[in-house]
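Subject: Two-chain model for you to look at

Hello,

I am passing on the structure we spoke about. My notes on it follow below.

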Amino acid sequence: MKRKSPLVRQSSETDFNNAMTPMIDVVFLLLVFFVWTASFQIVEYVLPSEMSAQMGNDEVQIDDPPPPSDFEDIVVRLRWAADTEQVQWSVNDQTLASLAAVGSKLQELVAVGADVTVILHPDPAVPLGYVIETYDQAKLKGFENVSFAVNPGR
Amino acid sequence: MQIPQHRSRQRDGINMTPMIDVVFLLIIFFLVSSHLARQESRMELELPNATSGQEDIDQETPRITVNVKVDGSMWIAGRTIKPANLKQTFDEVRAREGDGVEVRIRGSRMAPYATFEPIMLACTEAGIWNVTYAVYREVDR
(Lines give C-alpha, C1' and ligand atoms only; values in the text may rest on other atoms or scores of the structure.)
Protein backbone atom coordinates (compact mmCIF):
# COMPACT_ATOMS: atom_id res chain seq x y z
CA MET A 1 0.00 0.00 0.00
CA LYS A 2 1.32 3.38 -0.98
CA ARG A 3 1.30 6.06 1.69
CA LYS A 4 2.01 9.73 1.38
CA SER A 5 5.19 10.88 3.00
CA PRO A 6 4.82 13.27 6.01
CA LEU A 7 6.61 15.98 4.04
CA VAL A 8 4.02 15.94 1.26
CA ARG A 9 1.11 16.01 3.76
CA GLN A 10 2.60 18.97 5.58
CA SER A 11 3.09 20.78 2.31
CA SER A 12 -0.57 20.36 1.27
CA GLU A 13 -1.75 21.55 4.72
CA THR A 14 0.40 24.65 4.40
CA ASP A 15 -1.03 25.23 0.97
CA PHE A 16 -4.56 24.96 2.34
CA ASN A 17 -3.78 27.31 5.23
CA ASN A 18 -2.17 29.79 2.90
CA ALA A 19 -5.27 29.82 0.75
CA MET A 20 -7.71 30.13 3.66
CA THR A 21 -6.14 33.02 5.54
CA PRO A 22 -6.61 35.76 2.92
CA MET A 23 -10.09 34.44 2.16
CA ILE A 24 -11.12 34.73 5.80
CA ASP A 25 -9.51 38.19 5.86
CA VAL A 26 -11.54 39.36 2.90
CA VAL A 27 -14.76 37.73 4.13
CA PHE A 28 -14.41 39.40 7.52
CA LEU A 29 -13.69 42.72 5.90
CA LEU A 30 -16.78 42.39 3.74
CA LEU A 31 -18.80 41.44 6.79
CA VAL A 32 -17.61 44.49 8.70
CA PHE A 33 -18.24 46.68 5.65
CA PHE A 34 -21.86 45.60 5.34
CA VAL A 35 -22.48 45.79 9.06
CA TRP A 36 -21.28 49.36 9.07
CA THR A 37 -23.18 50.43 6.00
CA ALA A 38 -26.39 49.03 7.50
CA SER A 39 -26.35 51.64 10.24
CA PHE A 40 -27.43 50.84 13.77
CA GLN A 41 -28.79 54.29 14.29
CA ILE A 42 -32.52 54.78 13.79
CA VAL A 43 -33.19 56.87 10.73
CA GLU A 44 -34.74 60.23 11.41
CA TYR A 45 -37.61 61.48 9.28
CA VAL A 46 -39.02 64.93 8.79
CA LEU A 47 -42.52 66.07 9.61
CA PRO A 48 -43.16 69.34 7.81
CA SER A 49 -45.41 71.81 9.57
CA GLU A 50 -45.76 74.81 7.38
CA MET A 51 -47.11 77.51 9.58
CA SER A 52 -49.78 79.79 8.28
CA ALA A 53 -49.19 83.51 8.36
CA GLN A 54 -52.27 84.11 10.49
CA MET A 55 -50.78 82.18 13.35
CA GLY A 56 -48.14 84.72 14.18
CA ASN A 57 -50.05 87.85 13.41
CA ASP A 58 -53.57 87.36 14.65
CA GLU A 59 -54.57 87.39 18.24
CA VAL A 60 -56.42 84.11 18.07
CA GLN A 61 -58.73 83.59 21.02
CA ILE A 62 -57.50 80.14 21.81
CA ASP A 63 -58.81 80.09 25.37
CA ASP A 64 -62.41 80.31 24.24
CA PRO A 65 -63.78 77.04 22.98
CA PRO A 66 -65.26 77.36 19.52
CA PRO A 67 -69.02 77.11 19.14
CA PRO A 68 -70.08 73.51 18.51
CA SER A 69 -71.84 74.37 15.31
CA ASP A 70 -68.74 75.95 13.81
CA PHE A 71 -67.19 73.41 11.49
CA GLU A 72 -64.97 75.87 9.70
CA ASP A 73 -62.09 74.97 11.96
CA ILE A 74 -61.70 71.74 13.81
CA VAL A 75 -60.15 72.37 17.19
CA VAL A 76 -58.41 69.42 18.76
CA ARG A 77 -57.63 70.07 22.39
CA LEU A 78 -55.13 68.05 24.35
CA ARG A 79 -55.51 68.25 28.09
CA TRP A 80 -52.93 66.93 30.48
CA ALA A 81 -54.04 65.27 33.70
CA ALA A 82 -51.05 65.74 35.99
CA ASP A 83 -52.30 63.26 38.60
CA THR A 84 -52.73 60.34 36.21
CA GLU A 85 -50.08 61.60 33.75
CA GLN A 86 -52.40 60.91 30.87
CA VAL A 87 -53.58 63.01 28.01
CA GLN A 88 -57.21 63.57 27.17
CA TRP A 89 -58.31 64.63 23.74
CA SER A 90 -61.34 66.59 22.68
CA VAL A 91 -62.39 67.28 19.11
CA ASN A 92 -64.69 70.30 18.86
CA ASP A 93 -65.48 69.91 22.57
CA GLN A 94 -66.32 66.24 22.28
CA THR A 95 -64.13 64.43 24.77
CA LEU A 96 -62.32 61.37 23.49
CA ALA A 97 -60.28 58.98 25.56
CA SER A 98 -57.77 57.63 23.10
CA LEU A 99 -55.79 58.66 20.08
CA ALA A 100 -57.52 55.95 18.06
CA ALA A 101 -60.87 57.60 18.86
CA VAL A 102 -59.47 60.94 17.71
CA GLY A 103 -58.36 59.23 14.51
CA SER A 104 -61.81 57.81 13.78
CA LYS A 105 -63.46 61.14 14.64
CA LEU A 106 -61.14 62.93 12.24
CA GLN A 107 -61.91 60.28 9.66
CA GLU A 108 -65.59 61.23 9.92
CA LEU A 109 -64.81 64.92 9.74
CA VAL A 110 -62.52 64.68 6.74
CA ALA A 111 -65.55 63.61 4.70
CA VAL A 112 -66.90 67.16 5.16
CA GLY A 113 -63.83 68.55 3.47
CA ALA A 114 -60.11 67.94 3.60
CA ASP A 115 -59.41 71.65 3.25
CA VAL A 116 -60.86 72.40 6.68
CA THR A 117 -58.18 73.68 9.04
CA VAL A 118 -57.40 71.52 12.04
CA ILE A 119 -56.07 73.50 14.98
CA LEU A 120 -54.16 71.58 17.61
CA HIS A 121 -54.41 73.25 20.97
CA PRO A 122 -52.43 71.35 23.57
CA ASP A 123 -52.08 72.27 27.21
CA PRO A 124 -48.61 73.64 28.06
CA ALA A 125 -47.74 70.50 30.01
CA VAL A 126 -48.65 68.00 27.29
CA PRO A 127 -45.51 66.14 26.16
CA LEU A 128 -44.50 66.77 22.56
CA GLY A 129 -44.87 63.09 21.67
CA TYR A 130 -48.66 63.24 22.04
CA VAL A 131 -48.89 66.49 20.09
CA ILE A 132 -46.91 65.07 17.19
CA GLU A 133 -48.92 61.83 17.23
CA THR A 134 -52.17 63.82 17.05
CA TYR A 135 -50.75 65.98 14.25
CA ASP A 136 -49.72 62.79 12.49
CA GLN A 137 -53.25 61.38 12.80
CA ALA A 138 -54.74 64.52 11.26
CA LYS A 139 -52.27 64.37 8.38
CA LEU A 140 -52.85 60.65 7.86
CA LYS A 141 -56.61 61.15 7.66
CA GLY A 142 -56.03 63.58 4.82
CA PHE A 143 -56.33 67.07 6.32
CA GLU A 144 -54.21 69.51 4.38
CA ASN A 145 -54.00 72.33 6.92
CA VAL A 146 -53.05 71.37 10.41
CA SER A 147 -51.73 74.16 12.61
CA PHE A 148 -50.54 74.52 16.15
CA ALA A 149 -52.11 76.99 18.54
CA VAL A 150 -49.50 79.04 20.35
CA ASN A 151 -50.09 81.24 23.34
CA PRO A 152 -48.02 84.40 22.85
CA GLY A 153 -48.30 85.20 26.56
CA ARG A 154 -45.98 82.44 27.62
CA MET B 1 14.45 18.18 -2.93
CA GLN B 2 10.90 18.94 -3.81
CA ILE B 3 10.10 22.61 -4.21
CA PRO B 4 6.50 23.57 -3.36
CA GLN B 5 4.50 24.56 -6.41
CA HIS B 6 2.95 27.71 -4.96
CA ARG B 7 6.26 29.50 -4.70
CA SER B 8 6.72 29.45 -8.42
CA ARG B 9 3.11 30.61 -8.85
CA GLN B 10 3.71 33.64 -6.63
CA ARG B 11 6.41 34.87 -8.91
CA ASP B 12 4.07 34.89 -11.89
CA GLY B 13 2.22 38.10 -10.93
CA ILE B 14 1.53 40.54 -8.12
CA ASN B 15 -0.38 39.01 -5.23
CA MET B 16 -3.64 40.95 -5.19
CA THR B 17 -4.96 39.78 -1.82
CA PRO B 18 -2.99 42.11 0.51
CA MET B 19 -3.67 45.01 -1.80
CA ILE B 20 -7.43 44.37 -1.71
CA ASP B 21 -7.14 43.97 2.06
CA VAL B 22 -5.50 47.34 2.46
CA VAL B 23 -7.87 49.10 0.04
CA PHE B 24 -10.91 47.68 1.86
CA LEU B 25 -9.45 48.67 5.20
CA LEU B 26 -8.97 52.23 3.97
CA ILE B 27 -12.53 52.35 2.61
CA ILE B 28 -13.91 51.12 5.92
CA PHE B 29 -11.76 53.55 7.85
CA PHE B 30 -13.07 56.53 5.92
CA LEU B 31 -16.65 55.26 6.01
CA VAL B 32 -16.55 54.74 9.75
CA SER B 33 -14.85 58.03 10.50
CA SER B 34 -17.30 60.03 8.37
CA HIS B 35 -20.22 58.09 9.85
CA LEU B 36 -19.08 58.76 13.40
CA ALA B 37 -18.47 62.42 12.63
CA ARG B 38 -22.07 62.72 11.43
CA GLN B 39 -23.44 60.86 14.43
CA GLU B 40 -21.58 63.00 16.90
CA SER B 41 -23.13 66.16 15.53
CA ARG B 42 -26.56 64.91 16.55
CA MET B 43 -27.73 65.25 20.09
CA GLU B 44 -29.14 62.03 21.43
CA LEU B 45 -32.86 62.51 21.93
CA GLU B 46 -35.95 60.34 22.11
CA LEU B 47 -37.83 61.83 19.20
CA PRO B 48 -41.61 61.56 18.80
CA ASN B 49 -43.15 58.92 16.56
CA ALA B 50 -45.04 59.77 13.40
CA THR B 51 -46.12 57.56 10.52
CA SER B 52 -46.39 60.40 8.03
CA GLY B 53 -42.73 61.38 8.41
CA GLN B 54 -40.94 62.02 5.15
CA GLU B 55 -37.41 61.18 4.19
CA ASP B 56 -34.89 63.94 4.69
CA ILE B 57 -33.67 64.30 1.13
CA ASP B 58 -33.24 68.05 0.96
CA GLN B 59 -29.70 68.77 2.10
CA GLU B 60 -29.36 72.09 0.30
CA THR B 61 -31.77 74.23 2.32
CA PRO B 62 -30.04 76.34 4.97
CA ARG B 63 -31.21 75.00 8.28
CA ILE B 64 -31.25 75.88 11.95
CA THR B 65 -31.64 72.84 14.16
CA VAL B 66 -33.13 73.48 17.57
CA ASN B 67 -32.67 70.60 20.00
CA VAL B 68 -34.99 70.46 22.98
CA LYS B 69 -34.14 68.16 25.88
CA VAL B 70 -36.59 66.57 28.31
CA ASP B 71 -35.91 69.29 30.87
CA GLY B 72 -36.94 71.92 28.33
CA SER B 73 -33.49 73.34 27.64
CA MET B 74 -32.89 74.45 24.06
CA TRP B 75 -29.68 73.88 22.18
CA ILE B 76 -28.56 75.38 18.88
CA ALA B 77 -25.20 74.32 17.43
CA GLY B 78 -24.07 72.82 20.72
CA ARG B 79 -24.91 75.83 22.85
CA THR B 80 -27.87 76.48 25.10
CA ILE B 81 -30.12 79.29 24.09
CA LYS B 82 -32.76 81.16 26.03
CA PRO B 83 -36.24 81.45 24.49
CA ALA B 84 -35.88 85.25 24.51
CA ASN B 85 -32.82 85.06 22.24
CA LEU B 86 -34.40 82.78 19.65
CA LYS B 87 -35.81 85.54 17.48
CA GLN B 88 -32.47 87.33 17.32
CA THR B 89 -30.69 84.12 16.28
CA PHE B 90 -33.33 83.38 13.64
CA ASP B 91 -33.14 86.95 12.36
CA GLU B 92 -29.36 86.73 12.03
CA VAL B 93 -29.48 83.44 10.14
CA ARG B 94 -32.30 84.68 7.91
CA ALA B 95 -30.36 87.86 7.09
CA ARG B 96 -27.33 85.75 6.22
CA GLU B 97 -28.96 82.86 4.36
CA GLY B 98 -32.08 84.42 2.85
CA ASP B 99 -35.77 83.61 3.00
CA GLY B 100 -35.58 79.87 2.47
CA VAL B 101 -34.27 79.07 5.94
CA GLU B 102 -35.68 75.97 7.56
CA VAL B 103 -36.04 75.53 11.29
CA ARG B 104 -35.78 71.88 12.30
CA ILE B 105 -37.10 71.14 15.74
CA ARG B 106 -35.57 68.05 17.31
CA GLY B 107 -37.50 67.74 20.50
CA SER B 108 -37.64 65.02 23.08
CA ARG B 109 -41.04 63.37 23.07
CA MET B 110 -41.38 63.94 26.81
CA ALA B 111 -40.58 67.67 26.71
CA PRO B 112 -43.67 69.77 27.48
CA TYR B 113 -45.41 71.59 24.65
CA ALA B 114 -44.86 74.93 26.39
CA THR B 115 -41.17 74.65 25.49
CA PHE B 116 -41.97 74.58 21.79
CA GLU B 117 -44.31 77.54 21.75
CA PRO B 118 -41.49 80.14 21.97
CA ILE B 119 -39.70 78.42 19.07
CA MET B 120 -42.77 78.56 16.83
CA LEU B 121 -43.50 82.11 17.89
CA ALA B 122 -39.93 83.19 17.18
CA CYS B 123 -40.17 81.55 13.76
CA THR B 124 -43.31 83.47 12.85
CA GLU B 125 -41.84 86.69 14.19
CA ALA B 126 -38.66 86.17 12.19
CA GLY B 127 -40.70 85.32 9.09
CA ILE B 128 -39.62 81.69 8.85
CA TRP B 129 -42.49 79.48 7.69
CA ASN B 130 -40.59 76.35 6.94
CA VAL B 131 -40.68 74.61 10.28
CA THR B 132 -40.16 70.86 10.48
CA TYR B 133 -40.10 68.33 13.27
CA ALA B 134 -37.61 65.48 13.42
CA VAL B 135 -39.47 62.24 14.09
CA TYR B 136 -39.03 58.50 14.06
CA ARG B 137 -41.31 56.41 11.93
CA GLU B 138 -43.36 54.07 14.05
CA VAL B 139 -42.75 51.18 11.68
CA ASP B 140 -39.00 51.46 12.31
CA ARG B 141 -39.32 51.02 16.02
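A:Leu47 has B:Tyr133 as its bridge partner in strand 5 of chain B, and A:Tyr45 is partnered there by B:Val135. Strand 1 of chain A and strand 5 of chain B run antiparallel and are joined by four bridges. Strands here, like helices, are DSSP runs numbered from the N terminus (E, at least two residues, for strands; H or I, at least four, for helices). Two strands count as paired if DSSP finds at least two bridges between them.

On conventions: this is a predicted model, in which local features need pLDDT of at least 70 and side-chain atom pairs count only at pLDDT 80 or more, while totals for chains, interfaces and linings use all residues. Residues are numbered from 1 along each chain as its sequence is written, and chains are lettered from A and ligands numbered from 1 in the order in which they are written.

The pairing between the chains belongs to an open sheet of six strands, ordered 1(A)-5(B)-4(B)-1(B)-2(B)-3(B), with mixed pairing. Strand 1 (45-48) of chain A and strand 3 (79-81) of chain B stand at the edges with a single partner strand each, so one side of each has no neighbour in the sheet. On average, neighbouring strands are turned by 35° against each other, direction ignored (axes are lines fitted to C-alpha atoms, for helices over the stretch in contact, and angles run from 0 to 180 degrees between N-to-C directions).

Strand 2 (residues 74-76) of chain B runs antiparallel to strand 3 of chain B, with three bridges between them; B:Met74 stands opposite B:Ile81. Strand 4 (residues 102-107) of chain B pairs with strand 5 of chain B in the parallel sense over four bridges, and B:Ile105 stands opposite B:Tyr133. The chain passes from strand 4 through helix 4 to strand 5 of chain B in a right-handed β-α-β crossover (with the strands pointing away from the viewer, the path from the first strand over the helix to the second runs clockwise).

Chain B has four helices and five strands, in the order α-α-β-β-β-α-β-α-β from the N terminus on. Of its 141 residues, 25% are buried. Buried means 20 or more other C-beta atoms within 10 Å of the residue's own, exposed means 12 or fewer, and partly exposed lies in between, with C-beta atoms placed from the backbone. In strand 5 (residues 130-135) of chain B, five of six residues are buried. In helix 4 (residues 117-126) of chain B, seven of ten are, among them B:Glu117, B:Met120 and B:Cys123. Just after this helix, B:Gly127 takes a positive phi of about 80°.

The largest nonpolar core has 46 residues, and A:Val131, B:Ile105 and B:Cys123 have the most contacts inside it. Such a core is a set of buried Ala, Val, Leu, Ile, Met, Phe, Trp, Tyr and Cys residues joined through C-beta atoms within 7 Å.

The interface

The contact takes 41 residues from chain A and 47 residues from chain B (two residues are in contact if their C-beta atoms, placed from the backbone, lie within 7 Å). Helix 1 of chain A gives the most to the chain A side, with ten residues. That side divides into 26 nonpolar, seven polar and eight charged residues (Ala, Val, Leu, Ile, Met, Phe, Trp, Tyr, Cys and Pro count as nonpolar, Asp, Glu, Lys and Arg as charged, and the others, Gly among them, as polar).

Regards
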